[in-house]
Amino acid sequence: MFPPLSQRASAREDSDASSRSDFAPGRRSSALPISLESWDRRFRDFCDFAVTALGHSAATLHGYRHAYRDFRRYVEESAALLPEAFLDVEGWVRRNRRRGLRPVTVNTSWRHLRPFFNDLERRDGVENPFRRMKPPTQPSRIAKAFKPADCKKILSAAESYPWPTAFQRTRAVAIIATLLYAGLRRGELLRLTYADVSLDDGTIRILRGKGKGGGKDRTAYIAPELRRILENYLRERRRRNFVGPGFYSSERTGQGISLSTLRRIHKAVRRASGIPFSLHGLRHSFVTMLLRSGVPLHVARELAGHTSITTTAGYLRVWDEDKRDQIRKVSYR
């Protein structure tokens, strides 16, 4: 919960003065900022506190900012006048649905905007439109996972793709294998440093994963097949004399690869494999394979870095071949 402004060590020195000048006088429920600029200042203060006091991760902050920018754009385009237009969250949701956004996208944006209005309610007494709204509906989601044969095909495509250099080949294979065999998220993979991976201990240290308080740290363990792939990559990395801190190095700079480079690798392997997979789908495949291999649910939860065991349980997917294998056991003789 966000405490009152007087308790915030991170607040700007002029926040009290700006609040008095930016908020319209009147009843508690109608104390709304009177300009877009004042709303922007108030939102920046919220983001500062979310980072400095609550330790929210960069990914969470990105979600807050994206939702606020989209909502602000709706207010600018709305025929309603300030300040009441800033309470029209329901209209914003309807507009996003009319734009053809996926239900999960509409729901995610709604959840990323809600903490800001909760903060406004606690600190400034602003009427909170989220109090009378239910979250936008979205279909129940079953984690997308690929069958073992598809995972093998994706890994083979990364190896057989005509990469310009041997280094790019071993790097691409190692990246795909790390997602498949260790279940890292995209951001976790990009943040990996050379010191985070220990083949001697068979571990991958993951810092600032998904979760509250700046992200949850965890340890991933290196399967034998992944170990062989990483050994090949590190051998080629040493041959190129890359000494940068990033584990997956850029061939041009020797530093860690960028998101755009990862996207290019993903696009090339996806095209070569003929399977329209996402990087996060490879992580889903890892968690599903853990459970299909008989790994206890609580162990799979820790390996996946899930906060709730309910999330891990959602990966208990049953394949058609499993049904066929089990139905053969049915006999009355």
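**Confidence**

The model is predicted. The protein chain has an average pLDDT of 83, and 80% of the residues score at least 70. Residues 1-21 have a pLDDT below 50, and this stretch makes 31 contacts in the model beyond near neighbours in sequence. Residues 23-30 also fall below 50, with 19 contacts in the model beyond near neighbours in sequence.

**Nonpolar cores**

The largest nonpolar core contains 43 residues, and I204, L230 and Y248 have the most contacts inside it. Two or more residues of this core come from each of α6 (148-160), α7 (166-182), β2 (203-206), α9 (224-239), α10 (259-273) and α11 (279-292). Helix α7 provides the largest share, 10 residues.

Leaving aside residues up to four places away in sequence, Y248 touches R171, A174, I175, T178, L189, L192, L230, Y233, Q255, G256 and I257. One of these, L230, is itself among the residues with the most contacts inside the largest core.

There is also a second, separate core, which has 27 residues, including Y74, V75, V89 and L120.

**Aromatic pairs**

The chain has 20 aromatic pairs. A pair of aromatic rings is described by the distance of the centres and the angle of the planes. Two of the pairs are set out here.

| Pair | Distance of centres | Angle of planes | Class |
|---|---|---|---|
| Y161 and W163 | 4.5 Å | 55° | tilted |
| F247 and Y248 | 4.8 Å | 80° | edge-to-face |

The angle of 55° between the planes of Y161 and W163 lies between the cut-offs of 30 and 60 degrees, so this pair is classed as tilted. The planes of F247 and Y248 stand at 80°, over the cut-off of 60 degrees, and the pair is therefore edge-to-face. Y161 is partly exposed, with a relative accessible area of 23%, whereas W163 is buried, with a relative accessible area of 10%. In the other pair, F247 and Y248 are both buried.

One aromatic cluster is formed by W39, F43, F46, Y64, Y68, F71, Y74, W92, W110, F116, F117 and F130. Y74 of this cluster is also included in the second core.

**Strands β2 and β3**

β2 and β3 run antiparallel and are joined by 4 bridges. I204 stands opposite A220 of β3. Strand β3 (residues 218-221) has two faces: R218 and A220 make up the covered one, T219 and Y221 the uncovered one.

Is R123 buried or exposed? R123 has a relative accessibility of 14%, which is under the 20% cut-off, so R123 counts as buried. R123 is found in helix α5 (residues 103-124), and its side chain has a polar contact of 3.3 Å with the side chain of D124.

N241 is in the loop between α9 and α10. Most residues other than glycine have a negative phi. The phi of N241, a residue other than glycine, is positive, near 60°. With a relative accessibility of 62%, over the 50% cut-off, N241 counts as exposed.

Technical notes: Residues are numbered from 1 along each chain as its sequence is written. Side-chain values use heavy atoms; hydrogens and water are left out. Rings of Phe, Tyr and Trp (its six-membered ring) pair if their centres lie within 6.5 Å; planes under 30 degrees apart count as stacked, over 60 as edge-to-face and the rest as tilted. Buried means under 20% relative accessible area, exposed over 50%, partly exposed in between (1.4 Å probe, protein chains only). A polar contact is a pair of N or O atoms within 3.5 Å; within protein, one must be able to donate a hydrogen and the other to accept it, and residues adjacent in sequence count only if both atoms are side-chain atoms. A nonpolar core is a set of buried Ala, Val, Leu, Ile, Met, Phe, Trp, Tyr and Cys residues joined through side-chain atoms within 4.5 Å. Contact means heavy atoms within 4.5 Å. pLDDT is the predictor's confidence in each residue, from 0 to 100. Two strands pair if DSSP finds at least two bridges between them.
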